[in-house]
Amino acid sequence: MRLAVAIVLSALTLSACAIQVGGQAVPGPMPSTASASAPTLPKSGQCMNAYELKVLQCTDSHEAEVMSVGELSGLPSAYPDTQALRKAALPPCRQTLSEYLGSGDADSTRLRVWAFWPNEQGWKDGQRWRLCTVVEISPDEKPLARKGSVRDVLKSNGFGTFQTCTQGSPSKDQEVKVVACNTAHLAEAVPGGVVSLGKSSDPAPSKEQMNSIANEKCTKAVHDYLGSTKRTDVFPAWRNPGSQAWSEGWTNAVCYAEATKVFNGTLLGIRDNPLPN
């Protein structure tokens, strides 16, 4: 069985916006490709590594966990280009992500879609399968090895374990690096801070429309996270999808609590106390 693999666009390579500052949409990374042979596709709930379809025990070290298996449709008989394959495969995988993790907060975490489809030889052989998996990404956007299942992990208070924190400014920087939340950082994605902007099958809203939708909801989510509406050294920021991301199913704005200077610790429940050192 021949396959190709793609990771969905990172939330951190999208458009940057905040109450004070706008940004530009930028494309995300293009997919890596790989090939492998397997007698059958893995099933939902099974685990594997990020570049081969060999089933591994989820209790052992692995990189990817299968969320769903489906079929690609509406594509030509000749092997499609990468953009067409991403547009066909990623939106249903993105929809499955929140369902599998048990929360609409998935886009605020380091848990991302990693999608597989047949490569060119497999396509010529008549294969049209789509495999949706979830991986935890490292700061360099590569899959991390981990143990245990992530099914419903965000339903069971697992947000803090996978929360996205950034080294740079979500409101100003086109690209920002993900860092561990227990290290120095400038911003934290907040629970309840994934804002739906529409469906990928619809035209993308304008930047102004996205900001109008995100502004009120992100402001509330950030204030709830801080426990304060009065701070001037922490403000609501958000990341909007660019046109490529929108076509591939990334139709949410992601809200961040962004500080005016780097800090350690967490902003959760900080109220009006000083930033943690």
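Select cysteine 47 and cysteine 58 in this predicted model: cysteine 47 is buried, and cysteine 58 is buried as well. The two residues form a disulfide, with their sulfur atoms 2.0 Å apart. View the link along the S-S bond: the angle about this bond is 100°, and the link is right-handed. Cysteine 47 belongs to strand E3 (residues 47-49), while cysteine 58 sits in the loop between strand E4 (52-56) and strand E5 (64-71), so the pair ties together parts 11 residues apart in sequence.

Next, select cysteine 93 and cysteine 132. Their sulfur atoms are 1.9 Å apart, and the two residues form a disulfide. Because the torsion about its S-S bond is about -75°, the disulfide of cysteine 93 and cysteine 132 is left-handed. Helix H1 (residues 82-101) contains cysteine 93 and strand E7 (residues 129-136) contains cysteine 132, so this pair ties together parts that are 39 residues apart in sequence.

Now move to cysteine 218 and cysteine 255, which form a disulfide with sulfur atoms 2.0 Å apart. This pair links distant parts of the chain, 37 residues apart: cysteine 218 is in helix H4 (residues 207-226) and cysteine 255 is in strand E12 (residues 252-263). The torsion about their S-S bond is about -70°, so this disulfide is left-handed. Cysteine 218 and cysteine 255 are both buried.

Finally, display every disulfide; the structure holds 4. With the bonded cysteines numbered in sequence order, the pairing reads 1-2, 3-4, 5-6, 7-8.

Technical notes. Residues are numbered from 1 along each chain as its sequence is written. This is a predicted model: local features need pLDDT of at least 70, side-chain atom pairs count only at pLDDT 80 or more; totals for chains, interfaces and linings use all residues. Side-chain values use heavy atoms; hydrogens and water are left out. A disulfide is a pair of cysteine sulfur atoms within 2.5 Å. Helices (H or I, at least four residues) and strands (E, at least two) are DSSP runs, numbered from the N terminus. Buried means under 20% relative accessible area, exposed over 50%, partly exposed in between (1.4 Å probe, protein chains only).
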